[in-house]
Amino acid sequence: MRGKRIIGLTALLVGTALLASGCSAGGNDGDGKTIKIAYQKSGNFVQLDDHFKEVKKTFEKANPGVKVQLVTIAAQNDDYYTKLALMNRSASTAPDVMYEDTFKVKSDAAAGYLLPLDKYTKTWGDWDKFFDNAKAAGLGEDGKTYGIPMGTDTRALWYNKEIFAKAGLTVPWKPKTWDDVLDAAKAIKAKVPDVTPLNVYSGKTGGEASTMQGFEMLLYGTPNGSLNDEKTGKWKVGSKGFEDSLQFIKDLYVGGYGPTPQEALDPNFGTSVSAELLPQGKLGIDLDGSWLSGTWLESGTNPWPEWNDVMGQAAMPTQNGQKPGEVSMSGGWTLAVGKNSKNPQAAFDFIADALDKDGSKNYDIAASQIAVRSDVADDKEYADSNPSFAFFSSIVANTHFRPATTDYSRISNEITVAMEAVMTGQQSPKEAAAAYDEALVGIVGKDKTVKG
Amino acid sequence: MGMTSPSRRSLKTVSNTVLVLIAVCFALPLAWLVLASFDPSATLSIKAPSSFTLDNFAKVLTPEISFIPLLNSLLLSGGCAIVTVVVAILAAYPLSRYRLRINKPFLYGILFGTCLPITAMMVPVYSLFATLNLIDSVGGTIFFLAASSLPMAIWMAKNFMDSVPISLEEAAWTDGATMLSTLTRIVVPLMRPGIAVVAIFVFIQAWGNFFVPFVLLLSPEKQPAAVSIFNFFGEHGSVAYGQLAAFSLVYSVPVIALYVLVSRGLGGGNALAGGIKG
Amino acid sequence: MVAIAETPARRFGGEPGGLPPETPKQRARRRSQIATRRSIARSIPLLPAIVLLSVFLLGPVISSFYGSFTNMSLTGAAAQGSTFIGFENYAKLFGDRDFPKSVLLTLIFVFASAVVGQNVLGLGLALLMRSANKLVRSLVGTFVVAAWVLPEIVAAFSAYAFFSSKGTLNTILGSVGITGENWLYDFPMLSVILANIWRGAAFSMLVYSAAVQEVPQEITESAEVDGAGGFKRLIYITLPVIRRSISTNLMLTTLQTLSVFTLIYVMTGGGPGTNSSTLPILAYQEAFKFSQLGFGTAIATIMLLVGAVFSIIYIRALRPEVD
């Protein structure tokens, strides 16, 4: 009968299609003979892919019987985190090894996506070559190690030597306090009028860049300044350092020594700084990261051959020059193992192979990363590969890592809100700090806060 | 259109002028796109290229960056269009020809289906696909794209079908023809322009869809161009604008060409809207 | 024995001959049995659509809706197993200081760019193109449609490059001596509204082009003979005749504009502050940036409700035929 035939045909079509598509689905290997490595790859960020392709060769040779499947994800930050989280939630797609941002380690560990690695690092000879603060960045909230650091980044003051010469400022520049930094900006404003004297990322649109390159570089340079208490983990409210940092932002923006709020709040401002303002000599000083030179290399998105002649670097000073005198923040990426990996030993061995001395060194050089291993930091080839590496490595000793807990992104958002209120003159630092405290309590609850 | 009186002629001139102005306004934002694609050091600011170069296109027109993703886009969008059109026409037939009790609730239901926030639903969709072992399956993605295009497609197909007179089928029915045969032999041939319209509309929507293939596909070699376009976004917010612009042109031209072809073949863009007029 | 389903002609009645006479009750019952079987048979072509929609969409929609009552999250402890928290997400949403503003901005955005902008421009283009020459018609058609078929991220960057303070618009204004404003910073909503009109006008233009063609020439010509000017003809003849198209198009453009995200995000990032944070931007922040899926889905549900309200308004006001 025709009606039944239609049903039958449709069901057959749908069924066949589903079956066929099921067969063509990416082969899922559940017997531990294949390990899946998930990581970022984009047109300009191919270094990790190149690195892993090399490691795959040596690893498979050394471990016959285990195959390596490289799964690249072409996406930027939030999309990448989302895709990785989705993959981790389903056993059939969860990777064995993943490229994990230090920013996400604590929350992903709490989510049950990552495997604690302490029992493997204990027997790994290379582990004590890693810097302690880098190791700390890979810890979960429970203190266990979840991520092995690949490289890190640090932040400092990039300054234009030609503009400094015009402003009559001495080069090499070594500011000792916040006032020294602002004084330099004032001098540039007076003597070189068409140039923006100093940029410190600020405002809501800047997102984490405002918080980390901007605010935290200031806050962690105040006496005992930090977002939370290192020992108890409780978040600080009513902090003087917080208010002072906001005051610096106000002095900079409202005083007219920085970009206009319109410029700073443009969602594409960051690219503007690295691609236009600095190469074109329109910005005097930029509080930014160690990766900046990567943009200007031949292989970068905006090649600038003279960058090393024009740009110099100076460490960001602490507020009053108090010990240790300089401050930096670090982020960076790690390699982590999936919680339900069928072959965690192979997964860790892959990581150990990827991040042995040569692996770590070659990757850091290629990707403009700052070394996290002492033997790499001391290596001549590493130091020679990028003129700014020696400088940025030297400040790793005094760098801080963010308290990147599960709540951190919402707290960071509140920080940018406070910065924006102050830079546009809508609130005073005191008011903005109070508003932040209130929002903080709303996010973590009063019992997780402490006066600081 | 009648006699050419003086007022008709001046109306024509005014219309032409206004239209050309509007066309220019629509073309202006595209100026950046074209200029940046020939600029070796393109940024987001509009500027004449310091030197005219075809480098961006050369870098972009490789199998890995352009050809394979474009092929994947074709596969996904084409597959989606075919499945959607077939299913939509089948569904539109009873909705258009019979007064069933299910009609009204079904039509209202799918109307709301057109404004479903698919991005907000991707987590349960991912779980569903993982359970069915359809992650990284091109077929599965095609079916999902089709399902999410169905509401709009059924709506449009029904409207096209409504304008096909039922008298021909009634004659066939009194001669003992079945539902399926009247559908395939009478209605579908008369609806051909409408079918083309639905197909192309669904195709264009699927061509630009980033999120669904991004979430449901794993292997980079299966990703369509809408996803691979994000290869031009580097770390820390750096973007290779020149290559991005060149790629965008390469990416958009096939779809625009398809539209022009189909609308030319259907006798102008007016036919395109016939199915949406409700 | 021919099955009832195969002969739709049966619906015109007619009984097979040669059977014993029936009572009225029996006949009524048999008629309704036949009618039911017929309805089921006729609904069969709907089956593939129903299967696809229920498998792929219905389940996730229900699951997401349920998710809005939990603290579901992609990361953090809540990702291990979400807990049911009732209306907490919704309560938090309504108490959120950014929410009322976001709703207002969304309503403004939808009204200005879809209801007014795209529809008026689309109708205007359709009317003007009637009396334009073929070359101009193709030119306009190509550029207007090009803006529509560009991938959203590319359209967003182009619009950004157009409106930015050193962008195309200000460069052109500068060449005639006008200093342009900082559109994206001082007039974010205006910029994104104009960009969305640019992007979506093609759809309305196509719809109205066909609709306007359906207006019978005899009526317009007789009105003209009676002395009705162009404008009067538009208001009293053309518009009422295309009433159904207007309401359908309003509905479709409204619903599509409600979910616009990338365009606004690239142009202004939702800023400055929250001055252009419509509901989709808010949902993206909560759902993806902060990984609070339950909360994000609650926002999406509210968006769906807003869409539903708009649809009901259009249907009631303009009464398009759904049958």
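Start by selecting strand β11 of chain A, residues 326-330: β11(A) runs parallel to β13(A), and the two pair over three bridges. (Strands are DSSP runs of E, at least two residues, and helices are runs of H or I, at least four, numbered from the N terminus; two strands pair if DSSP finds at least two bridges between them.) You're in a predicted model, where local features need pLDDT of at least 70, side-chain atom pairs count only at 80 or more, and totals for chains, interfaces and linings use all residues. Residues are numbered from 1 along each chain as written, with chains lettered from A and ligands numbered from 1 in written order.

Click Ser330(A) next: its bridge partner in β13(A) is Phe401(A). Now show the whole open sheet, a mixed one ordered β10-β11-β13 in chain A. Its edges are β10 (316-317) and β13 (399-401) of chain A, each pairing on one side only.

Then pick Phe350(A). Among the residues it touches, beyond four places in sequence, are Ile35(A), Phe59(A) and Val97(A); contact means C-beta atoms, placed from the backbone, within 7 Å.

On to chains B and C. Here 79 residues of chain C contact 74 of chain B. Chain C's side has 50 nonpolar, 24 polar and five charged residues (Ala, Val, Leu, Ile, Met, Phe, Trp, Tyr, Cys and Pro count as nonpolar, Asp, Glu, Lys and Arg as charged, the others, Gly among them, as polar).

Last, color chain C by pLDDT, the predictor's confidence in each residue, from 0 to 100. Chain C averages 80, but residues 1-15 of chain C stay under 50.

Note on methods:
Contact = placed C-beta atoms within 7 Å.
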